[in-house]
Amino acid sequence: MLEERPEEDMTDNGISKRRLRSQDWFDNPDHIDMTALYLERFMNYGITPEELRSGKPIIGIAQSGSDLTPCNRHHLDLAKRIRDGIRDAGGIPIEFPTHPMFENCKRPTAALDRNLAYLGLVEVLYGYPLDGVVLTTGCDKTTPSALMAASTVNIPAIVLSGGPMLDGWHDGELAGSGTVIWRSRRKLAAGEIDEEGFMEASLASAPSIGHCNTMGTASTMNAMAEALGMSLTGCAAIPGAYRERGQMAYRTGRRAVELVLEDIKPSDVLTRPAFLNAIKVNSAIGGSTNAQPHLAAMAKHAGVELHPDDWQVHGFDIPLLANVQPAGAYLGERFHRAGGVPAVMWELLQAGKLDGDCPTVTGKTMAENLKGREATDREVIRPFAEPLKERAGFLVLKGNLFDFAIMKMSVVSEDFRRRYLQEPGREGVFEGRAVVFDGSEDYHKRINDADLGIDENTILVIRGAGPIGWPGSAEVVNMQPPDALLKRGIRSLPTIGDGRQSGTADSPSILNASPESAAGGGLAWVRTGDTIRIDFNHGRCDMLVDETEIERRKGDGIPAVPPDATPWQRIYRRSVTQLSDGAVLDGAADFRNIAANPPRH
Ligand code: FES
Ligand code: MG
């Protein structure tokens with residue numbers, strides 16, 4: 001529960017009785033010269049000094065939409081409704097841009113930019129006269145970077161998701177973001193469709209404004225924001241094009257002002273129980289494997305202890321309830337109409353799997369928010385007792401190849417389960433021959449080389465794809481088998497890598513391996529032809545190579561990775577931690593609640 005706030009903090013005609021942070025800029029008798037400087041340039045677009053000096057909360061709108069971030073672009077319009085809400089609740093809106101991040105387009109990967117956007121937003125929230133902020137989110141990294149920054153600065157903050165695109169259709173079938181591309185790529189390789197058909201199906205998945213309509217990383221991270229208690233109830237799943245999205249923008253703007261008046265800060269909401277709730281919700285929605293590094297990063301910046309094993313201990317046994325691609329059948333619209341994130345959380349709460357006492361930005365507890373939120377479509381959101389899959393969380397693995405990696409159980413197909421997890425006589429233990437690729441160029445060049453001898457007993461390994469190696473960590477571990485195998489109907493091989501995979505992928509990869517090869521992790525020493533043993537029952541993954549041989553190979557040095565291409569790449573590589581740890585900037589988490597001490601004039 002939130003602590004009771006002292007009476008004198010409460011609202012009086014929308015004007016705070018507490019001295020607000022922004023008044024240190026705009027109403028500061030000790031610095032009258034500075035106050036004039038701070039005030040005057042806002043006049044040039046029509047804000048009056050009286051408004052800025054009135055003691056009304058000044059609410060930033062962290063605008064993540066732009067032509068370069070198409071998934072979030074409609075926030076440019078939604079901001080009008082956010083402003084209306086802020087004004088109606090007695091606040092003053094001030095909108096500013098955040099660093100653009102477009103998952104599908106930024107090379108070498110948008111993941112490189114998450115920490116950069118984080119740094120930029122920290123400086124803005126800290127260095128300008130803002131009392132609270134609406135964080136507009138959507139595309140994958142826009143959500144974690146915003147919440148990481150909100151924790152560091154710790155001014156009242158609320159997430160407004162942009163919502164998914166409408167459902168895509170192609171040839172009478174649902175065409176979901178990303179997922180249709182991975183599936184069509186297999187069909188193309190197997191000769192079932194041509195390049196034109198591939199392009200058509202892929203483009204059909206994006207029929208409107210909004211972010212990816214599958215349960216990829218965007219939908220997942222917005223669901224995580226809601227599960228953590230950082231957005232209004234039901235916010236995450238409303239499609240971007242629905243009228244409810246504009247209404248949600250208005251209500252979020254209003255609530256941002258109240259958060260300032262009630263002095264509810266991210267640190268009140270982002271607690272360990274909230275993060276454990278989020279991990280469980282991620283399992284139940286069949287969420288992205290990228291939730292692991294992003295939640296780790298958000299927890300780090302919130303000062304919350306979140307252990308990599310928490311995914312196994314708290315998340316693994318949770319069943320899959322949301323029938324949404326890539327783990328299920330449907331897309332964002334049906335998911336929203338079925339009740340969205342609150343309906344999934346309602347199931348978990350009834351089953352005793354959720355901490356309902358967690359405070360949220362609504363000012364109520366999570367359990368209070370979820371009252372009456374039962375699902376309305378059981379085809380799309382299953383009852384807890386009749387899930388799509390049991391034990392649908394992430395399996396956490398370790399061994400001599402890495403200290404930590406995860407495997408998303410909700411996308412393990414029946415075929416894969418039969419071949420690798422349930423083969424009679426060695427249930428859950430698989431030994432295969434490693435074929436190792438150094439980066440994705442190497443994979444694309446050689447995957448169809450018959451001399452590699454890739455068959456059903458092969459384990460594909462990719463390295464040089466982690467935070468330091470790529471740099472940024474790339475979504476490349478969902479390696480497709482060679483065309484010859486696809487033509488024989490073998491859809492996926494076991495794959496292992498120190499990179500990530502798209503949240504829209506339906507591959508049962510062992511990924512996010514930490515430490516990565518470029519940091520001297522075990523993957524650096526594996527060679528093509530080695531036997532790798534995966535023990536799914538005990539969460540082990542080892543190369544069956546003896547210690548002296550591994551020591552000898554260390555003499556060969558760490559496999560090379562490309563040089564730094566930009567100044568930021570160099571800064572990033574020198575200070576980034578591993579995916580197990582959230583790939584945050586080393587030392588950045590030492591800074592918390594920094595708004596408590598105003599910056600010098
Ligand atoms: Fe932006 Fe998927 S590419 S949300
Ligand atoms: Mg992605």
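Figure 1. Setting aside residues up to four places away in sequence, Leu135 touches Ala62, Ala146, Leu147, Ala150, Ala157, Ile158, Val159 and Leu160; two residues are in contact if their C-beta atoms, placed from the backbone, lie within 7 Å. The model is predicted: local features need pLDDT of at least 70, side-chain atom pairs count only at pLDDT 80 or more, and totals for chains, interfaces and linings use all residues. Residues are numbered from 1 along each chain as its sequence is written, while chains are lettered from A and ligands numbered from 1 in the order in which they are written. Leu135, Val344 and Val461 have the most contacts inside the largest nonpolar core, which has 167 residues. Such a core is a set of buried Ala, Val, Leu, Ile, Met, Phe, Trp, Tyr and Cys residues joined through C-beta atoms within 7 Å. Average pLDDT (the predictor's confidence in each residue, from 0 to 100) is 95 for the chain, and 97% of the residues score at least 70.

**Figure 2. Packing of helices α9 and α13.** Helix α9 covers residues 217–228 and helix α13 covers residues 291–302; their axes are 11 Å apart and at an angle of about 35°. Axes are lines fitted to C-alpha atoms, for helices over the stretch in contact, and angles run from 0 to 180 degrees between N-to-C directions. Helices (H or I, at least four residues) and strands (E, at least two) are DSSP runs, numbered from the N terminus. From α9, Thr220, Met221 and Met224 meet Ala291, His294 and Leu295 of α13.

Figure 3. Strand β14 spans residues 540–543 and holds Asp542. Asp542 counts as partly exposed because it has 18 C-beta neighbours inside 10 Å; a residue is buried if 20 or more other C-beta atoms lie within 10 Å of its own, exposed if 12 or fewer, and partly exposed in between, with C-beta atoms placed from the backbone. Beyond its neighbours within four places in sequence, Asp542 is in contact with Gly399, Asn400, Leu401 and Arg533. Gly522 is 20 residues from Asp542 in sequence, and the two C-alpha atoms are 9.1 Å apart.

Figure 4. With 18 other C-beta atoms within 10 Å, Ala519 is partly exposed. Ile468 and Gln578 touch Ala519, when residues up to four places away in sequence are not counted. Between the C-alpha atoms of Ala519 and Gly469 the separation is 8.0 Å, although these residues are 50 apart along the chain.

Figure 5. The bond from Gln325 to Pro326 is cis, with omega near 10°. Pro326 sits in the loop between α14 (310–315) and α15 (332–337). A cis bond also joins Trp470 to Pro471, with omega near 0°. The loop that holds Pro471 runs between β10 (458–463) and α20 (483–487).

Figure 6. Asp171, a residue other than glycine, has a positive phi near 55°. Its place is the loop between β5 (169–170) and β6 (173–174). Asp171 is exposed, as 9 other C-beta atoms lie within 10 Å. Ala583 is not a glycine either, and its phi is positive at about 50°. Ala583 belongs to the segment after α22 (567–575), and is buried, with 28 other C-beta atoms within 10 Å.
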